[in-house]
Amino acid sequence: MTADATWHKTACILCENNCGIQVQLDGRRFAKIRGDQEHVATGGYTCNKALRLDHYQNGGTRLTSPLRREKDGTFTPVDWDTAISEITARLKTVRDTHGGKSVFYYGGAGQGNHLGGAYSGALLRALGARYRSNALAQEKTGEGWVDAHLTGGHTAGDFEHAEVAVFLGKNPWQSHGVPRARTVLKQIAKDPARTMIVIDPVRTETADLADIHLQVRPGTDAWCLAGILAVLVQEDLVDHTFLEARTTGADTVLDHLKTVHIARCAEVSGLEEDLLRTTARRIAAASSISTYEDLGVQQGPNSTLVSYLNKLIWLLTGNFAKPGAMHPHSWVVPLAHYDTDPRRTPVTGARMPGGLVPCNVIAEEILTDHPERFRAMIIESSNPAHSLADSAAFSEALAALDLVVVIDIALTETGRQADYVLPAASQFEKWEATFFAFEFPRSTFHLRAPLLDPLPGTLPEPEIHARLLRELGGAPRVPLTVLRTAARLGRTPFKLAFAAVVALDKKLLGMTPYLLYETLGPTLPAGARPAAVLWALAQRIAKTYPAAMRRAGHTSADALFDAMLGGRSGITFTEDEYADAWNYVPHPGRRIPLPIPELLGLLADLDTTPAVHTSDDFPIVLAAGQRRAFTANTIFRDNTWRKRDQQGALRVSPRDAEQLGLADGALAQITTSRGTAQAVVEIDDRLQPGHAALPNGFGLDLPVADGATERTGVALNTLTDLTWRDPIAGTPWHKHVPARIAPLPA
């Protein structure tokens, strides 16, 4: 078979940037991959990982039939009708016996497949389910809780134009996150008028480019940031004009920071006081700064406090709503709820920032005799048995449930513990998109057309949700008939009919994705039925950001919807002006309230807060999940994609290697309070003594001959402990795991 010379437009699915790419096909294989020069957001940029995406599409062992677990633990392939019928019957039993809120939903928001997750809400509404979670609850919810108090929503930095760029627990050279990351990093590094500051215990590739590297001791970021803020306040380097005109409660925050002992902060974080002061002065002198915090701090001690202190740096210096600074932004649809007083979980009473159950309490919400415990889980496009802290505890929780349904393209570690596994089409076999849209002033969106037909026996997630909902009897017949008729008559009749239907029964608003899928969906061109939900989102954009939408060239919601359907290289859906940033601030007078009393209390307590969490038994801080050149999220269920570090080496400092008797290339045993693992040692002078790192993306149990599985590298969450979590957001300490490391015999 000869390769197709046509270049097909799509996007990478390995990180939040979702860079536009083009693919040449050879049958079902990706013969060639390159960046899409016409892509509205990334303009041809891509990294090495995107070029290996054939290993996602064709490298793993796919599921091609629904599977049902039998009493002996084995799986039996069943047809789709049988699977849907049996699953809905069991869901009804759970709902009718224990209430819909006992059904818990996890996932639906992988790096590339948000469109399918958009349809889960209608199914959950029909079941009466109230609780859900996903990967955001492992990392971003503490930051989101802080954002809710301050600017009212997510903010992002303008690193293209920032005079000073600060990366906190973030190595964009490997983890990206910043659009066109490596290009932008090089531009900053080469410009003598600009400064890059990296706060990280590891000398990362980004730190190599930095002008200032604050190589803090692991887990002491809060002291480092408190020291920088104290310098800004105590040397009177804050922007008083901005604080007086645009904020409230500034004096309360300033008074707290006046009492912070700068020398003590430097000592705890392992830095020279002069370097801390130099860093603060450079920030204060800049015409603009942008900051980016990521998992290095968001999955470590004091993470929510760190988020607050990080944001105070750019707020106290007036770096909001101007070029090169921090900005809010429009959304196609918000990924989380920005509440200052979030709901609580039913059993443990844990806060749910963003409306999400913290991942580290899920097992505790199940392994109890509490009458409100979760009884069933629907897990979509996620692998929590591998990705959540303390795999053993989570596996025990799965076994205690009345029903576990997994929707995925492969038999994952979670799927192997499910009652039913439903095979989904891959992300390149269906219409798909993400709702990551974090840029300002231009915000973009990319609807991806399928490159291939779905593998026989698989279904796109919207169709799976629709079949379950039909079988549940949650589909309203009369409204569906009315809307189907209107859809055949055109968009205007459909809009009028839809408005009338939901006016008569407001409960139908919660069923909107399903209603659109069943009625408008079949009328869309090229089989774009799963994109029907975008019609409602286009209406939302037109109502919420009318002027910005028109500046982006869309005269109406329908015009925007058509642009979404046809924009193979993505579209700009809103274009703001810098003054518009203040319209996103929801507080009275558009002023940002700076004090968060609970976090100011934690700041005041830093003098008595432990900065060291190791012990004689576990003297090393293990970062469980380091980003490297050949690591990615675990949708790569194929180890052959890696050109380097194929075993997932344990990196240790030269001094630790000498003291512990570890040899480069030899095996070592890692022990924590929860488990043990073995890994090949790599001696790396980028790590400071007392700090070690294992990579993300390893430890999958992949099929080999005779139905067995084989694991390469360490499954990190056999080592982590679900009790190590932030006291506010419940986010895990994956990047700060006390451990013991010992050599193993050759």
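The model is predicted: local features need pLDDT of at least 70, side-chain atom pairs count only at pLDDT 80 or more, and totals for chains, interfaces and linings use all residues. Residues are numbered from 1 along each chain as its sequence is written, and side-chain values use heavy atoms, with hydrogens and water left out.

**Nonpolar cores**
- The largest nonpolar core has 165 residues, and L53, I199 and L534 have the most contacts inside it; such a core is a set of buried Ala, Val, Leu, Ile, Met, Phe, Trp, Tyr and Cys residues joined through side-chain atoms within 4.5 Å.
- Its largest share, eleven residues, comes from helix α9 (residues 221-234), helices being DSSP runs of H or I with at least four residues.
- Apart from this core lies another, of 31 residues, which include L356, V361, A363 and L388.

**Aromatic pairs**
- The whole structure holds 21 aromatic pairs, meaning rings of Phe, Tyr and Trp (its six-membered ring) with centres within 6.5 Å; planes under 30 degrees apart are stacked, over 60 edge-to-face and the rest tilted.
- Y56 and F428 are edge-to-face, because their ring centres lie 5.9 Å apart with the planes at 70°.
- Y56 sits in helix α1 (residues 54-57) and F428 in the loop between β17 (420-423) and β18 (442-445), so this pair ties together parts 372 residues apart in sequence.
- Y56 counts as buried at 6% relative accessibility; buried means under 20% relative accessible area, exposed over 50%, partly exposed in between (1.4 Å probe, protein chains only).
- F428, at 1% relative accessibility, also counts as buried.
- One aromatic cluster is formed by F242, W314, F320 and W582.

Technical notes: Helices (H or I, at least four residues) and strands (E, at least two) are DSSP runs, numbered from the N terminus.
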